[in-house]
Amino acid sequence: GPLNDALIHVGFNRPELFRVLLNERGSRPQGAVVSVLRDFDVPALNATVNPADGCLYVAGFQLAGWGTTAKRLSALGRLRYTGAPSTVPRELVPMDKGVLLRFDIALDPNTATDVANYSLESWHYRRSYQYGSPHLKADGSPGQDWTVPSSAYLSKDGRSVFVGVPEIKPVMQMRIGWSLAVVNGPQFGETAYFTPYELAKFDPVAEGFGPLEVDLTPRAAAPRVSAAATIEEGERIYKMMGCMACHGTDDSVQPKIGPTWKGLFGKERPIAQAKSVVADEAYLRESILTPATKVVKGFEKVEAGMPQYAGVLTDAQVESLILFIKSLK
């Protein structure tokens, strides 16, 4: 299927399979990773393709000292192609005017060209003798730099999107999230991580977009369009904004980066800076908009600090996230 000849990376903590998108347009190889499947029940350590049926088989077992959300002691799983359209991108290229995304399916033009359906952030690491590094903004302060996309264009064949990014620059780490839809089909959302060491020159005609001038006018941080507050919209924001990278929705094993959202609403939360508080709607809203105000005990020294979403999300999007968290009982 669509993953034939793809490079797959195996993740152990929240068992996950990533597609590695190699980019060799510059003087040295670059790459991106995007999730194919996550939160399955195989403590994944290795994977291989069976030449007899062409399926990917994933195997593994529990390891003392290694955290995994998989409950089984050991397991063997099979990833097979069902014939359904794949929403996993096949190419991601950082370019001098933005980011190019290519898919194997035709995209809905309305969602693909709506700039509010994309999010971007970037950060640097500090290389040292110590294990790991915090996320650092361009000025060296802790955190991530948010960039608001300025425009979005759909290719002539409907399978590629170019997202205009004002003043895009090489950086150690960048994340792009999207919330799109298949033509006459379902919505889907995902996020990809990549390292833009070099920026290829964007030629709209050569890339299949026809003649166009990319709008790189800087835009305000708040998205222009906001859907109604619903659980479904909250789950979409959870994926598009990359919340899933730090906050799980299963309380069997807590993620290493941030506390789980499963069963969070209404529970008492131990706070590092003060007494415990109840995770009511006011607490959730404050934690989304200004997360450093009340940090859950045990997470005050994590390497990746949560960014502020004040001015990034609309009121309706925040309400949708709260509804989604409340639904995770």
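Val-58 stands opposite Gly-77 in strand E6, in a model that is predicted. Six bridges join E5 to E6, and the two strands run antiparallel; strands here (E, at least two residues) and helices (H or I, at least four) are DSSP runs, numbered from the N terminus. Both strands belong to an open sheet of three, ordered E4-E5-E6 with antiparallel pairing, where two strands pair if DSSP finds at least two bridges between them. Strand E4 (46-49) and E6 lie at the edges, each pairing on one side only. On average, neighbouring strands of this sheet are turned by 20° against each other, direction ignored; the axes are lines fitted to C-alpha atoms, for helices over the stretch in contact, and angles run from 0 to 180 degrees between N-to-C directions.

As for conventions, residues are numbered from 1 along each chain as its sequence is written, and side-chain values use heavy atoms, with hydrogens and water left out. In this predicted model, local features need pLDDT of at least 70 and side-chain atom pairs count only at pLDDT 80 or more, while totals for chains, interfaces and linings use all residues.

Two tryptophans are worth a visit. Trp-66 sits in the loop between strand E5 (56-61) and strand E6 (74-79). With a relative accessible area of 48%, Trp-66 is partly exposed, that is, between buried (under 20%) and exposed (over 50%), using a 1.4 Å probe and protein chains only. Together with Leu-45 and Phe-61, Trp-66 makes a nonpolar surface patch of about 300 Å². Patches are made of residues with over 30% relative accessible area and no salt bridge, joining like charges within 9 Å and nonpolar side chains (Val, Leu, Ile, Met, Phe, Trp, Tyr) within 5 Å. A salt bridge is a side-chain nitrogen of Lys or Arg within 4 Å of a carboxyl oxygen of Asp or Glu. Accessible areas come from the Shrake-Rupley method with a 1.4 Å probe, and for residues only the protein chains shown count as cover.

Trp-261, in the loop between helix H2 (231-240) and strand E15 (268-269), is buried, at 8% relative accessible area. Beyond its neighbours within four places in sequence, Trp-261 is in contact (heavy atoms within 4.5 Å) with residues including Tyr-238, His-247, Phe-324 and Leu-328.

Glu-167, between strand E12 (160-164) and strand E13 (173-181), has a positive phi near 55° though not a glycine, and is exposed at 69% relative accessibility. Asn-184, between E13 and strand E14 (187-194), also has phi near 55° and is exposed at 82%.
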